[in-house]
Amino acid sequence: MDTSQLYLVDFPEELKIKDIDIVSLYHHNRYEELDAIIICRDSNGDITATFEEDTWGLMPFARRKIKNSFDFSEFTHSPRLMNELKLVTYGRLFNKNPQGRKASSFSAIESELSKNKIAYRFLLENNYTSLSQLSNPKTWEKFEEYLISKSYAQRTLEGMFVAINNILKLSGWHHLKLGFNPIKKELSSKLSDKILQQTLVIPERLSDAIYGQAINLVNAALPHKELIAETEKALQDNYLEGKRTLDEKLKNGFTFTFLSGSKNIVDHRKYVIAIADNQPQTLSDIIAPLARKIENTELNNGNDFHRYLGQLITSCYIICGGFSGMRDSELDKLTPDSYYKDTFEGRDYHMLQSHTFKLGEKRETWVVAPAAQQAIELVTTLTKYWRKEVSYPHTKYNNTVWVNQPYRSKAPRLINYWNKRLQLFCKQFDFVVTQEDYQECLDSNPASFNKVKETVKVGEPWPMTTHQFRRSLAFYCIKNRFGTAVALKQQFKHLYLAMTEWYTNGGKLASIRDLMVDDKIQKALDIINAETTTNKIFNQWHSDAHLSGSHGKTIMKMRDNVPQIYSSWEVIYQAVKDGRLTLHSTAHSYCKAGYDCDMDGIITPQFCVDCSSGSSIIDDKQARWWQKKHKSLVAYIGLSDDISVTDRSHYITQIRAAEIVMSDFDMEFTPFEAELKVMEL
C-alpha cells in the first residue's frame, strides 16, 4: 500500500495508516469491524476519520483550507450503496490498484469522488444498491436518460467515465462483480452538446472600473493602515470584555431572558444583544477617529466598518490577481514577504513570489504592477493580529495574508470563498452589466457563448471569479500589444505555448477589430502622397532629364508640346487628387497605368522596359538599378555551369532589357554575348 503521496516527510511512521484487509470485512458483512477501521490520524495521533463516519476528515492528507474531507452523508439512507462507495474510495485513496500504478494526488481523488457521486446519485434515486446495476442494459439506458436530463457538460461526463473506469481497474482488489466494460469517453458527445466553455474576459469598461476602485480604496486606506488595524483590534477587545462581563454576571446568578429555567442559553440572539449591552465602549466611539480620516465612506457603526474592512482585503486581492495572472492557489500562498523589487539594466521590476502547484510544487516569481506593493503592504497590516490566531492547515504555508474574522465569537480563519467576495464587491459598488458590456462579452469570448448567455445578465452585477484575472490579463495583453504569448507563457507558468494561446483566445481578433483610422492623419498622408506624385510627374514633363521606358520616351518627344493635363503643377495636382492621373513606383520603373496594369513586371521586370500598354517610365535612378542588374546577371551566367535552359533564357531577356535602358542613358557597357555550346549527338 503506497501512501507516500498522503504524508509529509516528517510524519511519524508509527501513526501512518497500516494495510488492513478491508475487502474481506466488507464481503463478509463484518460491519462493526469495518466501521472501526481508522482512515486518518494527524501527527499527534488523534483520529480524524473512521470508516463509519459519514464525513471523513482528511486534513492531514489534504493540507489545504478547502476540499479537505470526503462527504458521503447524502447516501445515509442506503447503507449498502454508501459502504460500496466508501470501499472504492478507500481503494483509490490508498492506491490499491493491482497493477501497481503511481498513486494519484489527494486533490485528484477528491475530484474523482465528486464525479463518482453523479452515478451513485442515480443509483440512490432509483433504489439500486450497487454500481453493478449499470451492467443491465435497461438500467444503463435509464442512466443515459438521467445524464441527458441533468444537462451535464461533456467534460463533466468524461470525468465521470474516467472515475468509473478507475473503479473497474480496482476489480482485482475490491472483487465487486460489476459486470460491464470500461466506458469510452466519446460517449459524452452523444449525451451532451455542451462543449468546454472558456473562462470569461471581464469587459473593458467593467475591468477599468473594478480595478480602478480597488486601487483607489487601497491608496486611500494606506496612510491610515495602522489606525484601521488598531480599530479592528479595539472592536474585538471591546466584544471580549463585554462577553467576559456578561459571563461573570451569569456566574454570579444574574437572570436574563435568554436563559431557560435550568440556566441554559436558549435564545442566542438575545445573548448576543446582552454582550453588546455590556461592552465598555460603543462601537461608534471606537470607529469615530477612523471615520474622520476616511473620506467618502460611511463608517457609522460596526457593520459599516466590517464591510469597509472586507472591501479593503478584497481590493488587495483584486490588485494582486488582476496584475499578475496568478492562479487562485498561487495567490492563496502570498505572505507579507512575497513582494520585492528588482532592478535590471536600470529599470525597476515589481515582483511577487509564491508557490505554484500545477506541475509539481515549486517556488516561482511573477512580474506585477507597482500597485501590488501597496496591496501587500496594506493587507499585511490589516491582518497582522488575525494571523497570530488563525489555524493554518500546513505549517509550510503559515502567515499567508488572506485571513479574516467574520464573527466576533469565533477565531479568525482563512478566506476560502473568493468568488462570492468578488461578486459581493461588484454588487456593493454597482458594477452592473450594460447592453454594450454584454455585446463586448460575446465578441471577446468566442468559445464561451453558452456561458455568456447563462451567467451574464444585463442590469445585474458582473459575475466575477478568480480565474477571470488570468484570462483577462492574457486577453488584454495581446489585444493591446503589451506583450507576446511567449512572455505570457513564462508569466503564467505554462508548460506548453498552446495553453497560453488558449488563454489569449479572441485577443488578436479584438486587436484587429479595434484598429481605428485617424481621419486627420489619413488626410495628411493623402495630401503628401498627392503632392509627391504631382512633383514626380511635373519633373518628368518639365525638365530635360533623360527617360526610358515606352511612356518615358513618349514624354521626351512631347516636351515641346505638353498636353493640357500636364501643362502646370496645379493642373497635374488636381488630376492626381481626382484619380485621373496615377503613378506607381518600383525599383526598376514607374507605371502610369495604375490598377489597369497587368502586373507582369512585378515578376519579370524586363517586360516594363518596352511595356505593351505604353505606360512605363524609367529615370536615371532606376537606370542605375538596371546597370547593376546587368552586371550581376552577366557575372552569374559566366560563373555557373548548371543553369537550366529556362532560367538562362529568363536571365538573358533581363540582360537585353538592361542594355536597352543603358543605351537610352548613354551608359557604357559591354554587350553580352551568349556562348554557344557544341554538343556531339
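Predicted model: local features only at pLDDT ≥ 70, side-chain atom pairs only at ≥ 80, totals over all residues.
Helices and strands are taken here as DSSP runs, a strand having at least two residues, and they are numbered from the N terminus.

**Hairpin of β1 and β2**

- Strands β1 (residues 38-41) and β2 (residues 47-50) run antiparallel and are joined by three bridges, with Ile38 having Thr50 as its bridge partner in β2.
- Five residues lie between the strands of this hairpin, in which Gly45 takes a positive phi near 90°.

**The sheet of β5, β6 and β7**

- Three strands in the order β5-β6-β7 form an open sheet with antiparallel pairing.
- Because β5 (339-344) and β7 (362-368) each have a single partner strand, they stand at the edges, and one side of each is left without a neighbour in the sheet.
- On average, and with direction ignored, neighbouring strands of this sheet are turned by 40° against each other.
- Strand β6 (residues 347-356) is joined to β7 by seven bridges, and His350 stands opposite Val368 in β7.

**Helix α10**

- The 18 residues of α10 (residues 204-221) should span 26 Å at 1.5 Å a residue, and this agrees with its end C-alpha atoms, which are 26 Å apart.
- The buried residues of α10 are Leu206, Ser207, Ile210, Tyr211, Ala214, Leu217, Val218 and Ala221.
- These residues cover an arc of only 120° around the axis, and are therefore on the same side of α10, whereas Asp208 and Asn216, on the other side of the helix, are exposed.
- An α-helix has 3.6 residues a turn, so residues three or four places apart point the same way.

**Nonpolar cores**

- The largest nonpolar core has 63 residues, of which Ile210, Ile228, Leu334, Leu352, Trp402, Trp462 and Met464 touch the most other members.
- Leaving aside neighbours within four places in sequence, Ile228 is in contact with Ala221, Leu290, Phe305, Tyr308, Leu309, Leu312 and Leu382.
- A second, separate core of 60 residues includes Tyr7, Leu85, Leu147 and Trp173.

Technical notes: Residues numbered from 1 in each chain as written. Heavy atoms only, no water. Pairing = 2+ DSSP bridges. Helix = DSSP H or I, 4+ residues; strand = E, 2+ residues; numbered from the N terminus. Axes fitted to C-alpha atoms, helices over the stretch in contact; angles between N-to-C directions. Expected span 1.5 Å × (residues − 1). Buried < 20%, exposed > 50% of the residue type's maximum accessible area, 1.4 Å probe, protein only. Arc of directions from axis to C-beta. Core = buried A, V, L, I, M, F, W, Y, C linked by side-chain atoms within 4.5 Å. Contact = heavy atoms within 4.5 Å.
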